[in-house]
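Dear colleague,

Please find the structure below, handed over for your review. My notes on its contacts follow.

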Amino acid sequence: MQFVQIIDFETERIEDVRKLLHDYDERARSEGRQTGPVSRLLLKDRANPNRHLAVVGFDSHETAMANSRAPETDAFASHMAQLLTRPPVYIDCDVEEQDGGRG
């Protein structure tokens, strides 16, 4: 079953967070990591412009947990925490249904 982790965070340094996310994704692809995310969506809260949600998709809960245990992920989380104005909130979700588009 597909799995999604939602990371709810606040930052005044979103461009630095974007770069960190991009670099992490690029490194995972170049290393051929099989446990890395398969998708990522970054959302901005219209009511609070410093609040963002990263919706990170994985093939399964098991691959997400393997990714969480990777030293690269720990380093990423530590670096990201330095860019935030409050600790992130993690929400773990199983994907029950997905609509691929309009109509």
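**Salt bridges and surface charge**

Arg-51 and Asp-45 are joined through their side chains by a salt bridge of 3.0 Å, N to O, the term meaning a side-chain nitrogen of Lys or Arg within 4 Å of a carboxyl oxygen of Asp or Glu. Salt bridges with shared partners tie Asp-8, Glu-10, Asp-45, Arg-51 and Arg-86 into one network. This is a predicted model, in which local features need pLDDT of at least 70 and side-chain atom pairs count only at pLDDT 80 or more, while totals for chains, interfaces and linings use all residues. Residues are numbered from 1 along each chain as its sequence is written, and side-chain values use heavy atoms, with hydrogens and water left out.

Across the whole structure, a search finds eight salt bridges. One of them pairs Glu-10 with Arg-86, with 3.3 Å between the closest N and O atoms. This pair links distant parts of the chain, 76 residues apart: Glu-10 lies in strand S1 and Arg-86 in the loop between helix H3 (71–83) and S4. Helices (H or I, at least four residues) and strands (E, at least two) are DSSP runs, numbered from the N terminus.

Arg-40 and Asp-25 also form a salt bridge, at 2.7 Å, N to O. Here strand S2, which holds Arg-40, is linked to helix H1 (residues 14–31), which holds Asp-25. Asp-25 is buried because its relative accessible area is 14%, whereas Arg-40 is partly exposed at 33%; buried means under 20%, exposed over 50% and partly exposed in between (1.4 Å probe, protein chains only).

Yours sincerely
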